[in-house]
Amino acid sequence: MTLEENVALVKERIRAAARSAGRDPGEVTLVAATKVQTSDTIRRAIAAGVTICGENRVQEMTAHLADNAYDGAALHFIGHLQTNKVRQVVGRVDLIESVGSAHLLEAVEAQAAKLDLCQDILLEVNIGGEQAKSGVAPAELYDLAARAADCPHLRLRGLMTIPPIAQGPEGNRAFFAKMYQLYVDIRQKIDHNGTVINCLSMGMSGDFEDAVREGATLVRVGTALFGPRPPMGKA
Ligand SMILES: *Cc1c(COP(=O)(O)O)cnc(C)c1O
C-alpha cells in the first residue's frame with residue numbers, strides 16, 4: 001500500500017465509523033502523526049489529502065517548519081511539552097493538544113502574552129490514571145479548564161487523551177466513552193467568551209474507529225498511514 005492509498009483508506013474508515021454511530025462524518029478530522037517522517041513524506045501526505053499534521057517533538061517540528069513541510073495543512077503539537085520548550089511551540093502551531101498541567105498552562109499563557117497572540121489549546125486528560133503518563137486527572141479537570149478559560153491569551157478548544165495500551169476485545173472503548181462524558185461536561189460548564197469547545201482528540205492507529213464511535217472529532221494516526229516506525233525512545 002502506498003501512502004496515498006493509506007490516506008484514502010484511513011479517511012474512508014473514519015467516515016464509515018462515523019456513519020455506523022449515526023454521526024456526521026464531517027465532524028471528524030484526521031490528524032497525521034508525522035513523527036520521524038521526512039519533510040518530503042509530510043508533503044506527500046498533504047498532497048494526498050492530509051489537512052492536519054500532528055508533531056511530537058519540538059526539534060523535528062522546528063526543522064520541518066524551516067523546510068515549509070507543513071504548507072497547505074494545519075499544525076498541531078501533540079507530544080509531551082516541556083516548559084523550557086514552550087517558546088518554540090507557542091504561536092507556531094494552530095493547536096497545542098497536550099496541555100496537561102497548571103504549570104504548563106501558565107507557561108503557555110505567559111509566552112502567548114509575550115507574543116501578544118491567542119493560542120488555541122486542548123487539555124490532555126490522563127484517563128487511565130497511569131502513574132507514568134502526563135495529563136490532568138479527571139477529578140482535577142474542571143479546575144484546570146476554569147483556569148484555562150481565565151487566561152486571556154488562551155482559547156480552550158477541548159480535550160485530548162492517550163489511553164493505556166489497549167487490553168482485551170473491548171480495547172479502550174470505555175475510556176473513550178468516559179472522555180466523551182468529560183468533554184460534554186466541560187462544554188456545558190465552561191463559559192469561554194463565545195469560544196467554541198468542539199475538539200475531542202482521541203484514537204490512534206489501533207483504535208481510531210472505536211474513538212470515532214465514542215465521539216472523537218480528531219483522531220491522531222501515524223502507523224496506519226506511514227507504516228511502522230523504527231523503535232525509539234519515549235516521545
Ligand atoms: C505517535 C502518536 C500517535 C499515532 O500513533 P500510531 O499508533 O502510530 O497511530 C498519536 N498520538 C500521539 C500523541 C503520538 O505520539
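Hi everyone. By a polar contact I mean a pair of N or O atoms within 3.5 Å. Keep that cut-off in mind, and remember that this is a predicted model.

Let's start at the ligand. A nitrogen atom of the ligand sits 2.9 Å from an N or O atom in the side chain of Arg220, so that pair falls within the 3.5 Å cut-off for a polar contact. Two further pairs involve oxygen on the ligand side. A polar side-chain atom of Asn56 is 2.7 Å from a ligand oxygen, and a polar backbone atom of Gly222 is 2.8 Å from a ligand oxygen. How much of the ligand's accessible area does the protein cover? On its own the ligand has 380 Å², and the protein covers 90% of that.

Who else is around the ligand? The surrounding residues include Ala33, Lys35, Ile78, Ile162, Met204, Ser205 and Arg229. Sorted by class, this shell holds five nonpolar, four polar and three charged residues.

Asn56 turns up again in the second largest pocket. Asn56, Arg57, Val58, Gln82 and Lys85 lie nearest the centre of that pocket, out of eleven lining residues. The lining splits into four nonpolar, five polar and two charged residues, and the space inside is about 180 Å³.

Last stop: charge pairs. Side chains of opposite charge can pair when their charged atoms come close. How many salt bridges are there in the model? The count is 14. One of them joins Arg15 to Glu12, with the closest N and O atoms 3.0 Å apart. Both residues belong to helix H1, residues 3-20, where Arg15 and Glu12 are three residues apart, about one turn of the helix.

Thanks, and I'm happy to take questions!

Conventions
Residues are numbered from 1 along each chain as its sequence is written. This is a predicted model: local features need pLDDT of at least 70, side-chain atom pairs count only at pLDDT 80 or more; totals for chains, interfaces and linings use all residues. Side-chain values use heavy atoms; hydrogens and water are left out. On a 1 Å grid over the protein atoms alone, a cavity is a set of points where a 1.4 Å probe fits but cannot get out, and a pocket is an open set with protein on both sides within 12 Å along at least five of seven lines; lining residues have an atom within 4 Å of a point. Grid points are joined across faces, edges and corners, and a volume is the space filled by probe spheres set on the points. Ala, Val, Leu, Ile, Met, Phe, Trp, Tyr, Cys and Pro count as nonpolar, Asp, Glu, Lys and Arg as charged, and the others, Gly among them, as polar. A residue is near a molecule or strand if one of its heavy atoms lies within 4 Å of it. A polar contact is a pair of N or O atoms within 3.5 Å; within protein, one must be able to donate a hydrogen and the other to accept it, and residues adjacent in sequence count only if both atoms are side-chain atoms. Accessible areas come from the Shrake-Rupley method with a 1.4 Å probe; for residues, only the protein chains shown count as cover. A salt bridge is a side-chain nitrogen of Lys or Arg within 4 Å of a carboxyl oxygen of Asp or Glu. Helices (H or I, at least four residues) and strands (E, at least two) are DSSP runs, numbered from the N terminus.
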